[in-house]
Amino acid sequence: MKYRSQKVAYLFFALSMALLVLQIIYGFIMGFAHMGYDVLHEIIPFNAATATHKNLLVVWLLSGFMGAAYYIIPEEAEIELFSVKLAKLQFWSLALVGVASVIGFHFNWWEGRKFLEIPRPLDYLVVINVLLFLGIILKTLYSGKKRTTTAMVMVMGLVFAALLYLPGMIWFDNQTIDSFFRWWVVHLWVEGVWELIMGGILSFLLIKLTGVDREVIEKWLYVIVGLTFLSGILGTGHHFYFIGTPKYWLMIGGIFSALEPLAFLGMALFAISMYKKGEKRHPNKIAITWTLGTAIVSFVGAGLLGLAHTLPSVNIWTHGTFVTAMHGHLAFWGAYGMLIFAFISYVMPQLTGRKLYNTNLSTYAFWLSNIGMVGMTTALGAAGITQVYLERKVGMDFMDAQIAMEPHFMILIACATLFFTGVIMFIVNFLKYGTPTDQALVKN
Amino acid sequence: MLSKKQAKLFFLGGTVVFFLIFIGLSWHSLSVEVPKQTHEENLTEAVIRGKEIFDSNNCMGCHTILGEGAYYAPELTKVMERRGVGYVKAALMSKVPWAPKGRKMVAYGFSDDEANDLVEFFTWIGNMDLNGFPAEPDLKNK
């Protein structure tokens, strides 16, 4: 690391890992409930488990993005962070809002809006928190010596992400309009502005790890984020097929969301070709593995598996079934989960000065978590296809179809155990690094 | 060969153009078509109260409605057509967990008024024009 203040990123990564563990535990609760063992029903009913599972996902990813921003922006702008004290205050308030929301879910304090269950009063705290975060980042960026494309794209993603949270806070009496704007947040986040954040982080990692010229990498970054918005903005239409919105969305959503894999294909080709072009001299092989991994798995999970059910003629059958969960798991893991793992793998040696990369533990963590997640995706896909066939095509009663799906959840739990083992190994390696120290500072 | 400046122009230009198209289509959808397709004239006080109950208890955390939500409990878009008022109210007002084939619903024990509001909400949802969703099971024995 080049600046003392970059150390603050560590707190965000630690929170990120803790919340991920909790997210997976809630995933297990749901998996068992689907197998017929809803033993915690009295304390954690299914809707509390799912709200917790989904919101922890959002918060651990955001925490990871924030940590990455606190590390990247000083280094790109060539200046110390505007204020470490404020960054720490922002960290603790983020942790507080996260914990308060999760506890609230267990006491029926929420809004029944998928992914945005955080109740309105806490939404205002989220806004204050994010404004503080953006204030620190923007102040740093604009006081610095340089405003690189990498930093600008990443910050643009973060600012847009904050702005897009607002339409989700308006109350609408009409369920359709409510849902319409909920997708403005959720879709335009994950298939829009989060890809800018992803592009920025990926570009930073590739510059550091491959040694390829910044100008070349950043040129392609523009092309990729261009493709993202070209397909992703109107691609929102694939959420507007069957919710009381006009028919033209079937065509617009169909065409543009079918183009969405292009941005992810671009991301994958970008990472692979820069790696091949590079000198391959960087010793941190596991960081490179995760970086290439996120580029490739995001193309498969977010790109191809999204394409699998995005056309209206398919989606009329799969809408509201486990086919969506199948896509969701590999997409979030590939595009955003693995990205944060890649960043942590790169950054921990920089922050602590210890070189715990290329250990058996870090290698097994990569393979176990990925094999586990691919297995989970397959199990969810099998459950989804069973559900579509029995319930939607044959017209079987909901619960009869669900009982027929139970064996797939046994496999889901088995694969999730592999996945969890991999994640735990990654976290053990993370903890072995210890905390950041000024001794790891490198003079420019 | 593409220069960095051209790449930047592609990104900024494309974003602005597609965003404007998206805003235009959204405005048209919400101001012209959605009120017709959702029969907004039937959006009564009772329906709105029903939606509030539906939201504040996170019913979407188990059920889907308009195909959106979690996949633990049945799709509710056509629930009135499928089950009728009696069944739906019984499930909503039950003081013990409603548990068809063993899968438990939270025992909300709603009052008669609350259950009626939810029934109004489901009835309003059920009458929407959803472009063909949910599709008729085409392999069902007729």
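Me: Is Val47(B) buried or exposed in this predicted model, and what is its relative accessible area?
Reply: Buried means under 20% relative accessible area. Val47(B) therefore counts as buried, with a relative accessible area of 2%.

Me: In which helix is Val47(B) placed, and which residues does Val47(B) touch?
Reply: The place of Val47(B) is in helix 2 (residues 45–56) of chain B. Leaving aside residues up to four places away in sequence, Val47(B) touches Asn42(B), Glu120(B), Phe121(B) and Trp124(B).

Me: How many Å apart in space are Val47(B) and Thr15(B), C-alpha to C-alpha?
Reply: The domain assignment of chain B gives domain 1 (1–37) and domain 2 (40–137). The C-alpha centres of these two domains lie 36 Å apart. Val47(B) and Thr15(B) are 32 residues apart in sequence, and their C-alpha separation is 39 Å.

Me: Which residues does Ile201(A) touch?
Reply: With residues up to four places away in sequence not counted, Ile201(A) touches Phe65(A), Ala68(A), Ile72(A), Met154(A), Leu339(A) and Phe343(A).

Me: What area do chain A and chain B bury between them?
Reply: The contact involves 80 residues of chain A and 71 residues of chain B. Of the area buried between the two chains, 65% is on carbon and sulfur atoms. The total is about 6,700 Å².

Me: Which residues of chain A lose the most area to chain B?
Reply: Three residues together account for 10% of what the side of chain A buries. They are Gln175(A), Lys219(A) and Tyr222(A).

Me: How many salt bridges does the rule find across the interface of chain A and chain B?
Reply: A search of the whole structure finds 21 salt bridges over all chains. Between chain A and chain B, 32 residue pairs are in polar contact. Across this interface, the number of salt bridges is 8.

Me: With which residue does Glu218(A) form a salt bridge?
Reply: Glu218(A) is buried, with a relative accessible area of 1%. The closest N and O atoms of the salt bridge are 2.9 Å apart, and the partner of Glu218(A) is Lys4(B).

Me: What is the length of the polar contact that joins the side chains of Thr149(A) and Lys4(B)?
Reply: Thr149(A) lies in helix 5 (residues 149–165) of chain A and is buried, with a relative accessible area of 9%. Beyond four places in sequence, Thr149(A) touches Glu218(A), Leu221(A), Tyr222(A) and Lys4(B). The side-chain polar contact between Thr149(A) and Lys4(B) is 3.1 Å.

Me: Which residues are linked with Glu111(A) and Arg120(A) in a network of salt bridges?
Reply: Glu111(A) counts as buried at 11% relative accessibility, and Arg120(A) does so at 14%. The side chains of Glu111(A) and Arg120(A) meet in a salt bridge of 2.6 Å, N to O. The network also links Arg113(A), Asp178(A), Lys51(B) and Asp55(B).

Technical notes: Residues are numbered from 1 along each chain as its sequence is written. Chains are lettered from A and ligands numbered from 1 in the order in which they are written. This is a predicted model: local features need pLDDT of at least 70, side-chain atom pairs count only at pLDDT 80 or more; totals for chains, interfaces and linings use all residues. Side-chain values use heavy atoms; hydrogens and water are left out. Contact means heavy atoms within 4.5 Å. Buried area is the accessible area (1.4 Å probe) that two parts lose on being put together, summed over both. A salt bridge is a side-chain nitrogen of Lys or Arg within 4 Å of a carboxyl oxygen of Asp or Glu. A polar contact is a pair of N or O atoms within 3.5 Å; within protein, one must be able to donate a hydrogen and the other to accept it, and residues adjacent in sequence count only if both atoms are side-chain atoms. Domain bounds come from an automatic or database domain assignment. Helices (H or I, at least four residues) and strands (E, at least two) are DSSP runs, numbered from the N terminus. Buried means under 20% relative accessible area, exposed over 50%, partly exposed in between (1.4 Å probe, protein chains only).
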